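Please look over the notes that follow with the model open beside you. They cover a few individual residues.

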Amino acid sequence: MQFFLDTGNVDEIKQALEWGILDGVTTNPTLIAKTGRSFMEVAKEIVKLVDGPVSLETVSLNAEGMIKEGRMLAELGDNVVVKIPMTPEGVKAIQVLESEGIPVNVTLIFSPAQALIAAKAGATFVSPFIGRLDDISGEGMKLIREVKTIFDNYDIDTQIIVASVRHPMHVVEAALIGADICTMPFEVMKKLFNHPLTDKGLEQFLKDWEKVPGRPF
């Protein structure tokens, strides 16, 4: 499973790149607004930093506007993926952009039917939002299982990006289901490294090392 960061923070992206586990980035106007920098400035920097897909979001509500904005965003780099909302107007835009060779990530998906429609429209990626379903007492991972089953049933190539991730277990569960990608906040990615037994074991190793005579380093 690929690891994407869901962020607009360039420093977080640089850290994940140093770890060597970053496959791509998803971002949106809300995340970039938190940086206090201009949208295009941040978007250009992220696109240059990351070799993998970088999802940048349109803001228009009609297909014409989405298509225009999508074409503009695609000019920032060959790795740009245009984020389009799961609406009837969005579905129109998906077909046009994909026909022009511009990959689309369909966002705000909350049902298997929505994911199937996006895939039929030709979307490269779909992004089911699991955390937001959990927030209203739904079952986010059930949605991922259902979408994965439907896509497997029909050999659909559209990739599943598990989005709105809240904690490390979401990442593990997504991997167990077989989702293609998990996009997560930086804090969740950091927590994937952690386990109290790892910390305890390292502490004991270092204590024992201090007792070893003739240490070379």
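1. K83 counts as buried, because its relative accessibility is 5%. Buried means under 20% relative accessible area, exposed over 50%, and partly exposed in between, with a 1.4 Å probe and protein chains only.

2. The model is predicted: local features need pLDDT of at least 70, side-chain atom pairs count only at pLDDT 80 or more, and totals for chains, interfaces and linings use all residues. Residues are numbered from 1 along each chain as its sequence is written, and side-chain values use heavy atoms, without hydrogens and water.

3. An unreviewed UniProt entry places the feature "active site" at K83. Such positions follow the numbering used here, feature names are shortened, and annotations may be inferred rather than shown by experiment.

4. K83 sits in strand β4, residues 80-85. Strands are DSSP runs of E, at least two residues; helices are runs of H or I, at least four; both are numbered from the N terminus.

5. Beyond its neighbours within four places in sequence, K83 contacts T27, N28, S55, L56, E57, T58, N105 and T107. Contact means heavy atoms within 4.5 Å. The K83 side chain reaches the backbone oxygen of T27 at 3.4 Å.

6. L108 is not a glycine, yet its phi is positive, about 60°. L108 belongs to strand β5, residues 104-109. L108 counts as partly exposed because its relative accessibility is 33%.

7. S137 also has a positive phi, about 70°, and is not a glycine. S137 lies in the loop between α7 (130-135) and α8 (140-153). With a relative accessible area of 73%, S137 is exposed.

Key
A polar contact is a pair of N or O atoms within 3.5 Å; within protein, one must be able to donate a hydrogen and the other to accept it, and residues adjacent in sequence count only if both atoms are side-chain atoms.
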